[in-house]
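Here are a few quick notes to go with the picture. Keep the structure open while you read and find each spot as we get to it.

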Amino acid sequence: MATKQLYYEYLKKEAKIKDYFITYILMTMAIERYPDDWNQTPKIPNEIPLMLGKVLLDEFDENYWREMHRLSSVHKLTYKLDMSESSGNTYYHHIINEKYIET
């Protein structure tokens, strides 16, 4: 909650985000102010949200897909792949066609 409030205050003064790492800067400020809250926060390895981005053009596997979503509901993808080479049965294809996006 403190990070969110810091963001609001930041955006009141700045029209654009000037630093790529602003989230981490604000989180660090909140962690330093509220260490007990931070100590109660579950820690998730940063590799988990990157897993899907590394297999976007691989053949889709339902079991792997379910496992990724069991581990994390947030995933960082990439724009750096040539998606035109994607076949119809890749993770990319399933995401774009919204077959597995829950509402």
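1. Start with helix H5, which spans residues 62–71: glutamate 62 and arginine 66 both sit in it, four residues apart, or about one turn of the helix. Their side chains meet in a salt bridge, 3.1 Å from N to O. Bear in mind that this is a predicted model. Arginine 66 is exposed, because its relative accessible area of 55% is over 50%, while glutamate 62 is partly exposed at 25%.

2. Stay in helix H5 for another pair. Glutamate 67 and arginine 70 are three residues apart, again about one helical turn. They form a salt bridge too, with the closest N and O atoms 2.7 Å apart. Arginine 70 is exposed at 58%, and glutamate 67 is partly exposed at 32%.

3. Now hop over to helix H1, where lysine 12 and glutamate 9 are three residues apart. Their salt bridge is 3.1 Å, N to O. Lysine 12 counts as exposed, with 64% relative accessibility, and glutamate 9 as partly exposed, with 34%. The total count of salt bridges is four.

4. Next, look for a nonpolar surface patch of about 590 Å², made by Tyr20, Phe21, Tyr24, Ile25 and Met29. Phenylalanine 21 belongs to the loop between helix H1 (2–13) and helix H2 (22–33), and is partly exposed at 47%.

5. Last stop: the largest pocket, with a volume of about 700 Å³. Of its 16 lining residues, Tyr24, Met27, Ile44, Asn46 and Pro49 are the closest to the centre. The lining has nine nonpolar, five polar and two charged residues.

Methods:
Residues are numbered from 1 along each chain as its sequence is written. This is a predicted model: local features need pLDDT of at least 70, side-chain atom pairs count only at pLDDT 80 or more; totals for chains, interfaces and linings use all residues. Side-chain values use heavy atoms; hydrogens and water are left out. On a 1 Å grid over the protein atoms alone, a cavity is a set of points where a 1.4 Å probe fits but cannot get out, and a pocket is an open set with protein on both sides within 12 Å along at least five of seven lines; lining residues have an atom within 4 Å of a point. Grid points are joined across faces, edges and corners, and a volume is the space filled by probe spheres set on the points. Ala, Val, Leu, Ile, Met, Phe, Trp, Tyr, Cys and Pro count as nonpolar, Asp, Glu, Lys and Arg as charged, and the others, Gly among them, as polar. Patches are made of residues with over 30% relative accessible area and no salt bridge: like charges are joined within 9 Å, nonpolar side chains (Val, Leu, Ile, Met, Phe, Trp, Tyr) within 5 Å. Accessible areas come from the Shrake-Rupley method with a 1.4 Å probe; for residues, only the protein chains shown count as cover. Helices (H or I, at least four residues) and strands (E, at least two) are DSSP runs, numbered from the N terminus. Buried means under 20% relative accessible area, exposed over 50%, partly exposed in between (1.4 Å probe, protein chains only).
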